[in-house]
Amino acid sequence: MYTLGDILRCSARSFPSRTSVVFEGKSLTYLELNERVNRLCNALKALDIGREDRLAVLSENTYKYLEIYFAASKLGISVTPLNFRLAGPEIIQIVNDSESTVLFAGDGYEEPAVQMAGSLPHIRKWIAMDNRTAGFDFYEDLLAGASADEPDCDTMEEDMAILMYTGGTTGLPKGVMMSHRALMSGFIGAALSFSFTKQDTTCFILPLFHVSFWPAFAVLLVGGKVVIVRRPQVNAVLKLIQDEKCTHINAVPTLYNWMLQLADPDAYDLSSLRIISYAGSPFPPELLKKCIERFGPIFMQAYGMTECIGGTILSMEDHEPGGNRSHLLASAGKAAPGVDVALTGMDDQMLRPGEIGEIVIRGKCVMKGYWKNPELTAVALRGGWYHTGDMGYMDEEGYLFLVDRKADMIVTGGENVYPKEVEDVLYQHPAIAMAAVVSAPDEKWGERVQAVVVLRPDQKVEEEELIAHCKSKLAGYKCPKAIEVWDTLPTTPVGKILRKDIKKTFWQGYDRTIN
């Protein structure tokens, strides 16, 4: 298999009558899904949409999102998935930068698309995915009038399949050019690492516009079932796992934290789950221990990023809450199949085990580069390695430990402080539900360690107690000089805490540029 389109074409041939996707009560077999994709391909060709075009998608999760990905692949067209939570000007900037010529609008996003139309000069075709809208072609009408025959296609594995824009946790979003080769390498690696088979059902809850879409493709690759959730509501997700007998779910630590606090897992039969995986951000070890205690010893971790659909895997066997290997709960695991992972120093020299440096990744799963930005591409891919911007170290056994983002490091009084280390200690306090550590201005030290926390329901704690808790476990210079209690913390669409937005609140009015 060389392209995304081959996933569905081959699975439809091998598993025609098996259920491929389930969405809000509707299910499709592999044959039905492939025929719908072929109809979309032929409908787009009839609209004179071809390899020179680019498809933008503004929609929440739906099986039609997957259909667009697959159809574009079969036609040799790339897709630009849009974060529907962005403001209008941000979406306009991405669509125009991507030079997309077709825009698909999902349920509820037709009117926002209309309002942006005057600012999107490249768009020449508008397609409404769910509701008939003036000025739009209607998705289902296009399929009804098209052939289900396989389209002729000469898509190559090095072609750009997806132009995905980074989440924008730092600076303006960058267009990441993801080839079919990179995506397929990552999906095959995931299927192997998680031992997915046609008997597996993944409960898919993270956004399809995000690189977290990997479980859907990895499971479809082997003939399993993908249960798609439009938007995650904790109790609804748990009920869906029960009703569809899901064997896998992938989410971010924040969501599992919500499950612990907001839901009663014992009210649902979750016995079908054999793997609970997490990615997107490190899992505070104390919180991970609580999740293992509550949901069972079935956790796995995948570390990667938009620029690289494969990095490291922390296996189920390495998730031991007790014993002499419990320290591995703080690890991101070992290199995934087909991937090389290393640490480099200031001059890009390779570091030895135990030395902290920048994490670099090499393999076919790495991006082609940044869209229309050869200078940044050359820097990020120098020496044949993708330079992640994440800091970490590797132990003698090859386990990777993340320290933090290079841009998030706090320099206070000449000492380097990595926020994750402090956050992990804060999570050990029984009153803490969420924690974030950032830099804040300080007249004496230049910048200080500042913490912001969300408390668990019905919990109260004084700032002095939390600071003393940190001082009992960390060097003094690493401890927060101040701690604020907030009702909630800002997060990305996949639940990753936005330190950048928190940091801005403390640096307003200062000349310093915030990363």
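Which residues does Ser 59 touch, not counting residues up to four places away in sequence? The points below start there.

1. **Basis.** This is a predicted model, in which local features need pLDDT of at least 70, side-chain atom pairs count only at pLDDT 80 or more, and totals for chains, interfaces and linings use all residues. Residues are numbered from 1 along each chain as its sequence is written, and side-chain values use heavy atoms, with hydrogens and water left out. Helices (H or I, at least four residues) and strands (E, at least two) are DSSP runs, numbered from the N terminus.

2. **Ser 59.** Ser 59 touches Tyr 65, Phe 84, Gly 106, Tyr 109 and Met 129, leaving aside residues up to four places away in sequence. Contact means heavy atoms within 4.5 Å. Ser 59 sits in the loop between β3 (54–58) and α3. Its relative accessible area is 2%, so Ser 59 is buried. Buried means under 20% relative accessible area, exposed over 50%, partly exposed in between (1.4 Å probe, protein chains only).

3. **Helices α2 and α3.** The axes of α2 (residues 30–46) and α3 (residues 63–75) come within 9 Å and cross at roughly 60°. That makes α2 oblique to α3. Angles under 35 degrees count as roughly parallel, over 145 as roughly antiparallel, 65 to 115 as roughly perpendicular and the rest as oblique. Axes are lines fitted to C-alpha atoms, for helices over the stretch in contact; angles run from 0 to 180 degrees between N-to-C directions. The residues of this contact of α2 with α3 divide into 10 nonpolar, 2 polar and 5 charged. Here Ala, Val, Leu, Ile, Met, Phe, Trp, Tyr, Cys and Pro count as nonpolar, Asp, Glu, Lys and Arg as charged, and the others, Gly among them, as polar.

4. **The open sheet.** 9 strands form an open sheet with mixed pairing, in the order β2-β1-β11-β10-β12-β13-β14-β15-β16. β2 (26–29) and β16 (334–335) are at the edges; each has a single partner strand, so one side of each lacks a neighbour in the sheet. Two strands pair if DSSP finds at least two bridges between them.

5. **Around β1.** β1 and β2 run antiparallel, joined by 4 bridges. Val 21 stands opposite Leu 28 in β2. The two strands form a hairpin with 2 residues between them, and Glu 24 in the turn has a positive phi of about 50°. With β11 (residues 225–228), β1 (residues 19–23) pairs in the parallel sense over 3 bridges. Phe 23 stands opposite Ile 228 in β11.

6. **Helix α7.** Helix α7 (residues 180–193) lies across β14 (299–305) and β15 (308–314), at about 20° to β15. The axes of α7 and α8 (residues 214–221) come within 9 Å and cross at roughly 70°. The two helices are therefore roughly perpendicular to each other. Met 184, Phe 187, Ile 188, Ala 190 and Ala 191 of α7 meet Trp 214, Phe 217, Ala 218 and Leu 221 of α8. The contact of α7 with α8 divides into 9 nonpolar, no polar and no charged residues.

7. **Helix α10.** In α10 (residues 253–262), 7 of the 10 residues are buried, so the helix is largely enclosed by the rest of the structure. Among the buried residues are Pro 253, Tyr 256 and Leu 260. Their cover includes α9 (234–244), β12 (248–251), β13 (275–278), α11 (285–295) and β24.

8. **Ser 439.** Ser 439 belongs to strand β24 (residues 432–442). Ser 439 is buried, with a relative accessible area of 1%.
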